[in-house]
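Please look over the model shown here before reading the numbered points.

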Amino acid sequence: MKYLIIQLVLCCSTICAFTEVLPKFNNEDSLRPYALVAGGSKGIGYGIAIALAKRGYNLILIARHWDTLQTAKNNLEAKYHIHVDILSMDLSFDSCATAIAKWCTERNIRLKILCNVAGLGGANDYLSFPLDSLRYMVRLNIESCMALSLTLLPLLEKNAPSYILNVASMAGFAPIPIKNMYSATKSAVVFFSYSLRYQLKDKHISVSCLCPGPVYTKPEIVQDTKAKLGWFGNKMALDPETVGEVAVKKTLNKKLIIVPGTLAKISSSLIRFFPRRWVVNLYGSAGNKKKKG
Amino acid sequence: MNWAIVAGGSKGIGLGIAEALAKRSFNVLIVARNAEDLQHTKTFLEKKYLIQVEVFCGDLSHTETPAQLLEWFTTRHLPVNVLCNAAGLGGSIDFPNLPLEKIRTMIRLNLESAIALSYLFIPLLQQTTPSYILNVSSLAGFAPIPMKNVYAATKSGLISFSRSLKYLLKKDRISVSCLCPGPVFTKPAIEAETRKQMGWIGKQMAIRPDQVGERAVRAMLKRKMIIVPGRWSKLFSCLLRIVPQDYVARILYRFGKKK
């Protein structure tokens, strides 16, 4: 009898132990912090996704094309032991931010990091692009970033300390005439990040802004940079993975303005120091050089 | 006689600009949302100056309005010489307390409408050179103001846009200017807010909308790029540009918190 009772107690305790352990075991995956990368299927966004995956974050990737998203998911899940969710949508649409926030809250996702990477740019943008593309640029580069930050704010607040990483560009520091729209929108993103950092300080949400120089995400950009900025541009340029790694590292260190690369850092301080008028003329003549050549 | 378009010209700084243009005998087309305000402005300007005033009622934050405005002009074959983008939205309530829809409206009105109007009217402006574009930004566009987050962001985008545009249109003989005023007492609410937040300096810096308009138009016709009316504002704008933006944001955040 005594033996039986002991066994019963033992049994109970093991069951108890199991029930305690089991949910933990099951939830280990979902208890991992999540990071949302808007525009995370290619380029800098993918670089950031890799850096986050390395640090054990589950990922939500959002981009327009389903197939690139699927490849990104497969690559990341194969290489790192994380879970990747993918959402295919066009972030320039008005309804998008609300839909994403709904998706995340419904699943009660432990969102720790929001990366607004989605952006569009190109050379000779203002007068040669159709008006609709200009609007698209404003909506993707600025509006989507502000909208996502706003709609996901409650979730980030709940999981504080959390992080927001906005991707601007060195073009945001000073206007580049041939990339008129691009630098105007990126300048707004830089300003937004500065202000947001102070607004969210008390809520323990750290805001960072990545302002890279040229990043070789596409073969056209390699060509363009080499033609316009020559040797210096080539030296300054980085590959997206390095940029992503630096960006994530510094975001987690709560740095505000992140400029990866020594040369880019030096030129960015020069750009910010010089009167804007000089910089515009300098950029403008560099842009014209390419046209003639 | 040449025409000037003043987007957002029924009230505030826009009205000041419209009056200064009327004084220089430009015919004026005023674009605004409120039909009543528009009619009021029309009668006021036509009574005071010997010019023709037309009004166009439309919301510039809507995507189709700029194209409708262009159509209005092309059907009447009027020569456009001046384009003023003065339509803008701001306020003491900003991100993150503003609903998403309002934030979108702000971006679309402050930044997108200026971009779209300039884009559509450049071909017309090229026919009447030397011609002028005047974008109305703000001192807030020089440095981030945490309390006016989205407002400052859109205005900084507008300054950046204007600078690039000036360079792009140099050879076309279209001059681009950007007006960056400090506090302008356009509404009683702004007056009260300025007094409270910025105290004595704010009061010294502030000017009336008609003065702002007058100085803006004068400087625009002289092809000045950045126009900061008022001595105090000018000094302040220099400071904002010299001091690193992180410090400025921090200081302005503290100022805003005082409220």
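This is a predicted model: local features need pLDDT of at least 70, side-chain atom pairs count only at pLDDT 80 or more; totals for chains, interfaces and linings use all residues.

1. Chain A holds 12 helices and 7 strands. Of its 293 residues, 47% count as buried. Among the contacts in chain A between residues at least 6 apart in sequence, 70% join residues at least 24 apart.

2. The sheet of chain A. The 7 strands make an open sheet, with parallel pairing, in the order β3-β2-β1-β4-β5-β6-β7. At its edges stand β3 (84–88) and β7 (257–258) of chain A, each with a single partner strand, so one side of each has no neighbour in the sheet. In general, the strands of a sheet pair through backbone hydrogen bonds, either parallel or antiparallel.

3. The β4–β5 pair of chain A. Strand β4 (residues 111–116) and strand β5 (residues 162–167) of chain A run parallel and are joined by 4 bridges.

4. The contact between the chains. Chain B brings 34 residues to the contact and chain A brings 35 residues. On the chain B side, α4 (100–127), α5 (149–169) and α9 (245–258) each supply at least two residues. Which helix gives the most to that side? It is α5(B), with 14 residues. Sorted by class, the side of chain B that touches chain A has 21 nonpolar, 8 polar and 5 charged residues.

5. Helix α1 of chain B. This helix covers residues 12–23, that is 12 residues, and spans 17 Å from its first C-alpha to its last, close to the 16 Å expected at 1.5 Å a residue. How many of the residues of α1(B) are buried? The count is 11 of the 12, so the helix is largely enclosed by the rest of the structure. Among the buried residues are Glu19(B), Gly12(B), Gly14(B), Gly16(B), Ile13(B) and Leu21(B). Their cover includes the strands β1 (3–7), β2 (27–32), β4 (80–85) and β5 (131–136) of chain B, together with the helices α2 (35–48) and α7 (209–221) of chain B. After α1(B) comes Ser25(B), whose phi is positive, near 50°.

6. The nonpolar core. The largest nonpolar core has 176 residues, and those with the most contacts inside it are Ala49(A), Leu59(A), Ile5(B) and Val28(B). The largest share of this core, 12 residues, comes from α4(B). With neighbours within four places in sequence left aside, Ile5(B) is in contact with Leu29(B), Val31(B), Val80(B), Val82(B), Leu83(B) and Cys84(B). In soluble globular proteins, nonpolar side chains tend to be buried together.

7. Cis peptide bonds. Most residues other than glycine have a negative phi, and most peptide bonds are trans. The bond from Ala160(A) to Pro161(A) is cis, with omega near 0°. Pro161(A) sits in the loop between α7 (153–158) and β5 of chain A. The bond from Phe95(B) to Pro96(B) is also cis, with omega near 0°. The loop that holds Pro96(B) runs between β4 and α4 of chain B.

8. Positive phi. Asn108(A), which is not a glycine, has a positive phi of about 50°. It is placed in the loop between α4 (96–106) and β4 of chain A. Is Asn108(A) buried or exposed? It counts as exposed because it has 10 C-beta neighbours inside 10 Å. Arg223(B) has a positive phi near 65° and belongs to the loop between α7 and β7 (226–227) of chain B. With 14 C-beta neighbours inside 10 Å, Arg223(B) counts as partly exposed.

9. Lys255(A). This residue lies in the loop between α10 (240–252) and β7 of chain A. Lys255(A) is partly exposed, with 16 other C-beta atoms within 10 Å. Its C-alpha atom is separated by 7.9 Å from that of Val207(A), 48 residues apart along the chain. Beyond neighbours within four places in sequence, Lys255(A) is in contact with Ser208(A) and Lys250(A).

How values were computed:
Residues are numbered from 1 along each chain as its sequence is written. Chains are lettered from A and ligands numbered from 1 in the order in which they are written. Two strands pair if DSSP finds at least two bridges between them. Two residues are in contact if their C-beta atoms, placed from the backbone, lie within 7 Å. Ala, Val, Leu, Ile, Met, Phe, Trp, Tyr, Cys and Pro count as nonpolar, Asp, Glu, Lys and Arg as charged, and the others, Gly among them, as polar. The expected span of a helix is 1.5 Å times one less than its number of residues. A residue is buried if 20 or more other C-beta atoms lie within 10 Å of its own, exposed if 12 or fewer, and partly exposed in between; C-beta atoms are placed from the backbone. A nonpolar core is a set of buried Ala, Val, Leu, Ile, Met, Phe, Trp, Tyr and Cys residues joined through C-beta atoms within 7 Å.
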